[in-house]
Amino acid sequence: MPDTAPLFLTQGSTSVQRCARCGDITPELDASAECAKCGGLFEIVHATPEAHGAALLALFGLRSGLKPTAEPSGVWRYRELVMPSATDPVSHPEGNTPLLARTMVQSYANSAQLLLKHEGHNPTGSFKDRGMTVAVTQAKRIGARAVACASTGNTSASLASYAAHAGIPALVFVPRGQIALGKLTQSLAYGARTLLVDGDFDACLRLVRESSRELGVYLVNSINPWRVEGQKTIVFEMLQQLGYDAPDWIALPAGNLGNTSAFGKALREAFALGLITRVPRLLAVQAAGAAPFAHSFAAHFATHEPVHAETLATAIKIGDPASWDRAVRAITETNGVVTAVTDAEILDAKAVIDASGVGCEPASAASVAGVKQLRERGVIGEHERVVAVLTGHLLKDPGIIQSYHQDTTPAPPRANKPVEISARLSEVERVLSRL
Ligand code: F0G
């Protein structure tokens, strides 16, 4: 599929699903998970929005009022670029996440202008809600009898919640014993049928794709192009918060590469529509034990080798990312960088983010660890403006926190061990005197 394919349609008012491999067009309400002609993945192409430039910006701004509908949602506010024909979105609402400046984190990464876009503030505690509101809206529009996903935990938590909201049965496939407690319990609580698969995430994804093909359940992993449309709004909202003065870099953790692809598409569209005049560079950060994309980047994307994934950042413990080609395009077009950080670096960055009062789950801290590394290597300049995306909430993975602060010997450098005392004032006084 040549990259010269039109970004927006010049005719008609509906969106279409275009095969990213062969260019074949499928109607937007068709439920297929992949191109019937060649098996490639779809991307969504919209009609050219009626409003342009300032008029489009005014429209987005107008919708940020606080009404009890989907309108102020940080996803549906941008609906011309997400799903223009949606009439009844399945929305909590979601998005409207903060952009934070924290001196402690800026000093740690040696990046004075670093901002944190905290996607853990979404209704189920991760950025997945932005894609899921759109994918489940689509599931409802096409009358899906059930929805399904494979997940390292956050996608399943999000799907469980949105499917409950829409009244559609949900089936989630997770690797047994490999997802964080907060995420597994969300999926149970929201009422999804939760399948603990004897295998890793990559095996779960293979199984759910097969189930979708053979059994007709609607697949909502990020290979579903509507998920990508929703996740683009992380970028749109960040740009709006910055007054459309684009940062120099956007850093994000990378696993299955859906979000990296979404960020690339968002920037391509924002630039084409004149919302920004300059395209930020993407920095995709993988865990060292699950870094096939970083290895490939080091070889100028000449190689594509899946790995057996091992990392304590379970959200990104993925050895064979599904959205590979779309992510290569995102990195190439933004003059981006892909790197890997060790689990020790992730835990260290997380301890700093947590201690700043912001907090995030382990995978999220990879973005800040990646910024720190690129500052040290001199790739990111001292005065460059960087936004690091924190993808999930601190409470997603309480097990890691407990083991870091309480159970690891010798204690890690930033451990904050609890103190056991008897119920006497003198003991409190002793603790206080050492603060
Ligand atoms: N950060 C968090 C907290 C995640 O849950 C994920 C992915 C990522 C980053 C990476 O995003 O896959 O688009 O590159 N979690 C998926 C899941 C795989 O099932 O929840 P990606």
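Which residue in β8 is the bridge partner of V174? The legends below take this predicted model view by view, and the first one holds the reply.

**View 1. Four strands make an open sheet.** The strand order is β8-β7-β6-β9, and the pairing is parallel. Two strands stand at the edges: β8 (193-197) and β9 (218-219). Each edge strand has a single partner, so one side of each is left without a neighbour in the sheet. Look next at β7, which covers residues 170-175. β7 and β8 pair in the parallel sense over five bridges. Here is the reply to the opening question: the bridge partner of V174 in β8 is L196.

**View 2. Strand β1 runs antiparallel to β3.** β1 spans residues 16-19, and four bridges join β1 to β3. Find C19, then look across to β3: F42 stands opposite C19. Now follow the side chains of β3. F42 and I44 point one way, while E43 and V45 point the other way. All four of these residues are buried.

**View 3. The largest pocket holds about 730 Å³ of space.** A lining of 32 residues surrounds this space. Nearest the centre of the pocket lie A20, L41, W324, D325 and R326. Which helices and strands each supply at least two lining residues? They are β3 (42-45), α6 (201-215), α9 (258-272) and α11 (324-333).

**View 4. F293 and W324 form an aromatic pair.** A search of the whole structure finds five aromatic pairs. In the pair shown here, the ring centres of F293 and W324 are 5.2 Å apart. Their planes meet at 80°, so the pair is edge-to-face. The pair links distant parts of the chain. F293 sits in helix α10 (residues 292-298), W324 sits in helix α11, and 31 residues separate them. Widen the view to include F297 and F301: ring pairs link F293, F297, F301 and W324 into a cluster.

**View 5. Two charged side chains lie over ring faces.** R141 lies over the face of W226, at 5.8 Å from the ring centre. K372 lies over the face of Y108, at 5.1 Å from the ring centre.

**View 6. G53 belongs to helix α1.** This helix covers residues 53-62. How does G53 count, given a relative accessible area of 30%? G53 is partly exposed. Now find H92. G53 and H92 are 39 residues apart in sequence. In space, the distance between them is 29 Å, C-alpha to C-alpha.

How values were computed. Residues are numbered from 1 along each chain as its sequence is written. This is a predicted model: local features need pLDDT of at least 70, side-chain atom pairs count only at pLDDT 80 or more; totals for chains, interfaces and linings use all residues. Side-chain values use heavy atoms; hydrogens and water are left out. On a 1 Å grid over the protein atoms alone, a cavity is a set of points where a 1.4 Å probe fits but cannot get out, and a pocket is an open set with protein on both sides within 12 Å along at least five of seven lines; lining residues have an atom within 4 Å of a point. Grid points are joined across faces, edges and corners, and a volume is the space filled by probe spheres set on the points. Rings of Phe, Tyr and Trp (its six-membered ring) pair if their centres lie within 6.5 Å; planes under 30 degrees apart count as stacked, over 60 as edge-to-face and the rest as tilted. A charge sits over a ring if NZ of Lys or CZ of Arg is within 6 Å of the ring centre and within 35 degrees of the ring normal. Two strands pair if DSSP finds at least two bridges between them. Buried means under 20% relative accessible area, exposed over 50%, partly exposed in between (1.4 Å probe, protein chains only).
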